[in-house]
Amino acid sequence: MFARKSQQPTRPSLPQGHRVYAIGDVHGEVALLKHLLDQVAADTRQRGPARTTLVFLGDFIDRGSGAARLLRMLAELRDPNVIVLKGNHEAALVEVYRGDQEALSFWLKFGGQATMAGLGIDESLLATASTASIFPKLQTSLHCDIVDWLAELPHSWTLGDYFFVHAGIKPGVRLSRQDQDDLLWIRKPFLASKRRHEKVIIHGHTIEPGLPCLGGNRIGIDTGAHEHGCLTALGLEDDAQWLIQSSDGRASRWPETLG
């Protein structure tokens with residue numbers, strides 16, 4: 001566990017008796033996730049009883065070899081204490097499944113091949129990037145119930161003084177009026193904002209170089225599970241914030257800029 005804090009005028013908190021672990025972008029790295037969940041379980045045992053919620057911040061599919069397995073696992077999970085949010089990669093898969101050619105080109109370029117391969121689709125077929133040829137294979141390999149589940153995933157979740165989302169929010173717009181595309185995609189306007197939002201924003205989507213910074217108006221916990229072999233969970237209880245990380249040793253060099 002690690003902690004690194006920056007200045008913050010107030011201390012956000014959760015309602016008494018609640019504990020939350022938010023998990024950053026997994027991107028199919030199942031081994032890292034399993035190790036992280038073991039650490040989270042040990043951590044919550046050590047801290048004692050609480051109403052504990054796990055929040056996945058989206059982008060659990062694509063890039064990693066376990067993407068399809070993780071997709072099926074989360075889709076089959078029916079646990080009220082686990083919140084799964086939609087990321088831009090999950091949104092892209094839904095659009096591809098429904099025949100969107102533009103979404104297919106994006107999805108294959110940014111990691112969809114791994115999910116398709118995990119579903120048993122021949123990688124040679126993906127080189128054509130043709131909806132006409134790929135869609136029937138995808139439809140056969142992925143049950144429509146899973147796609148419906150993906151389509152209905154929430155874009156955000158909130159508890160206490162925290163707002164959980166995949167990418168971030170548009171500064172200056174009330175949380176209740178945020179555009180869904182911003183929640184899935186936004187980067188610079190949100191990342192550069194110093195304003196005090198309605199709540200502290202917990203997000204993924206943009207890789208944070210090194211150790212995520214606690215405190216401030218946002219906490220980004222995408223630490224590049226696929227790119228750098230480091231998956232991060234943020235723990236929250238009362239006004240405490242802490243980090244738990246699972247690493248496979250790839251995180252020897254971090255990007256100089258946000259990805």
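What is the order of the strands in the open sheet of 4 strands? The order is β4-β5-β6-β7, with mixed pairing, where strands (E, at least two residues) and helices (H or I, at least four residues) are DSSP runs numbered from the N terminus, and two strands pair if DSSP finds at least two bridges between them. This is a predicted model, in which local features need pLDDT of at least 70 and side-chain atom pairs count only at pLDDT 80 or more, while totals for chains, interfaces and linings use all residues. Residues are numbered from 1 along each chain as its sequence is written, and side-chain values use heavy atoms, with hydrogens and water left out.

Strands β4 and β7 form the edges of the sheet, each pairing on one side only. Strand β6 pairs with β7 in the parallel sense over 4 bridges, and H203 stands opposite G220 in β7.

| Strand | Residues |
|---|---|
| β4 | 156-159 |
| β6 | 200-207 |
| β7 | 218-222 |

H155 lies in the loop between α7 (144-151) and β4. H155 is buried, with a relative accessible area of 14%, buried meaning under 20% (1.4 Å probe, protein chains only). Leaving aside neighbours within four places in sequence, H155 is in contact (heavy atoms within 4.5 Å) with residues including L85, K86, F164 and H166.

A nonpolar core is a set of buried Ala, Val, Leu, Ile, Met, Phe, Trp, Tyr and Cys residues joined through side-chain atoms within 4.5 Å. The largest such core has 48 residues, and L138 and W149 are among those that touch the most other members. Apart from this core lies another, of 18 residues, among them L14, V55, L57 and L214.

Key: Buried means under 20% relative accessible area, exposed over 50%, partly exposed in between (1.4 Å probe, protein chains only).
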